[in-house]
Amino acid sequence: MKKGGWKTAFDEGNNSVTYTDLKKTSLGGNSIFNNVNFGVLLGHGSYSTTAEDDNVKYTYFWLWNNNNNASTPVRFADFDFGGSDPVNGLRWMTVIACNMLNSSDYSSMKNNSRLPINDNLHLLNGVNGAFYGVPTVGTYYATNLLGGVSIKQSWINAGQQAYAHYSLANSVNFVTVGWPDCQNDTLTSYSSPDSDDGLQSTTIKVSP
Amino acid sequence: MKIVLFIIATFIAGFSLPADSLRLVGVAYLPPTNLEITWSAPTNELPHGLWVYKVIPQDFSMAVISNAMAIGSFQARDIINPRDTNMIHFQDRKDNWRRRLEIVPSEGWIGYLDQWETKEPLKNVPSEDEATKLAMDYLFQLGIDRSQFVRKARINPTTVIRLHQGQKSPEEVVRREVVLNRCIDGVEQTVGSFRITFGNNAKVEAFDLSWRNLQAYESHQLATANEIIGLIKGGQAVIPLPEFDFTQLDQAKKLTIAKITPYYWGEWPSDPQDFVYPFAQLEMTADLGNTNFNFQLRCPILSTNKF
């Protein structure tokens, strides 16, 4: 992305990624991704088969701590993606972790207005099911994005290209969720979201 | 360690092409030196030998280029890089393009993408059978010998769910991608040589044709069972998974090669490739004592003996 003139606002890993930085401001957090245009969060994720006390089935992002070699799950719903500033706000978010957009839990969170997508986010890219760590997925993603391919198609292409050389027994499904007006967004040409149109989620099997 | 290095050096020495041209992607696997590896895979349908092919520039005819342009509704004035001798590049606009056609003869690659997603209602997205037939028709238009695709097509659907005012729409298939793998000397190539995606009214939304021009470079006998076992023991095989937990495999008391299938290695259509070469995909069974564990290995398949 730097080759395309993009600047890194922050690049944190392991203990440096804190729950406080990630969670939404209404929960006392900083929502740090909302101050950049394009965000990528990489980690482990899981989904639930049963609802919590509020009758919502959530997905969870796991935060790693080097000090005790353990991970702590945080609700995906505790995040809030989308920046209101027309210049610096978050338009496109990618969460590279297993299960974060599990279809069943996604519906449950959506039906209870607990998705971490606000009216300012254009698109959220993620995975329904397993994601396998491959070294080339980021390279292919960036190459497509900088080549003028849409945000949505770049994510799909990255998955197809990165997994092409592997022999996976289980399918990998990439998902894009966002407002209809933003489905054709590219890094340099994009439309304002209109949340009145309702969310659209697109799923494609990128492997095998 | 010296023995391992000797085995690798011996293997490479039999080939005149660079060793890194025969790469296999996966997690490296070096079994314990005392682990027994036995062979029970049928070999009667394996060929006696296979070629390594050198990739030379492809010569797409004017008729093929013309047909590719027609698929994307391009005209000669849409070329955006008229001085580029490596690639012919069409776009509907110079910036913020919606449709793009790229032709790279050196790699035998033609890529087309119409990335504009309409808001039109779903209409006449072809079924799996219809999409497969259409894919074969477009292969013909692109000048490809369809007899070199002998395996069944793989179909990848794109589905959409819309959520509006609390109502969830049924899941709809908005496009279908057909993936076909080329066969070389009857051996399937990894990575789709032709991928094409159809949307509303069977409109082509994307295709990638990878049809590298192959020049016979070296012919080799296939490695014998003992040679393949030696290659595995020498750490030449890889596990074709992006992440692999060795916990179970480390407890193996014996490995058995249950099946061998030759493949030709293929890079992603738009990625460069100097040589197209065969390798073996091995179905392995690890004896863990009270249970078995099945996994795959990729391993060189060519003997150092030339034909």
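Predicted model: local features only at pLDDT ≥ 70, side-chain atom pairs only at ≥ 80, totals over all residues.
**Chain A as a whole**

Let's start with the overall build. Chain A holds four helices and eight strands, and from the N terminus on they come in the order α-β-β-β-β-β-α-β-α-α-β-β. The radius of gyration of chain A is 16 Å, close to the 17 Å the globule rule gives for 208 residues, so chain A is as compact as a globular protein of that length. Along the principal axes, its C-alpha atoms fill a box of roughly 45 × 45 × 35 Å.

What about the inside? Of the 208 residues of chain A, 49% count as buried. If you take the contacts in chain A with a separation of 6 or more, residues 24 or more positions apart account for 68% of them.

**Where the two chains meet**

The contact draws 29 residues from chain A and 25 residues from chain B. On the chain A side, helix 2 (103–111), helix 4 (151–163) and strand 8 (199–207) each supply at least two residues. Strand 8 of chain A gives the largest share of that side, seven residues. Here is the side of chain A that touches chain B, sorted by class:

| Class | Residues on the side of chain A that touches chain B |
|---|---|
| Nonpolar | nine residues |
| Polar | 18 residues |
| Charged | two residues |

Which strand of chain B is joined to strand 8 of chain A? That's strand 7 of chain B: six bridges join the two, and they run antiparallel. To find your way around this pairing, look for Gln200(A), which stands opposite Arg162(B) in strand 7 of chain B.

**A helix with two sides**

Now hop over to helix 3 of chain B, residues 128–141. Its 14 residues reach 20 Å from the first C-alpha to the last, close to the 20 Å expected at 1.5 Å a residue. Ala131(B), Ala135(B) and Leu139(B) in this helix are buried. Why do they sit on the same side of helix 3 of chain B? Because they cover an arc of only 85 degrees around the axis.

Finally, helix 3 of chain B is followed by Gly143(B), whose phi is positive, near 75 degrees.

Definitions and conventions: Residues numbered from 1 in each chain as written. Chains lettered and ligands numbered in written order. Expected span 1.5 Å × (residues − 1). Buried ≥ 20, exposed ≤ 12 C-beta atoms within 10 Å, placed from the backbone. Arc of directions from axis to C-beta. Contact = placed C-beta atoms within 7 Å. Nonpolar A, V, L, I, M, F, W, Y, C, P; charged D, E, K, R; others polar. Pairing = 2+ DSSP bridges. Rg over C-alpha atoms; globule rule 2.2 N^0.38 Å.
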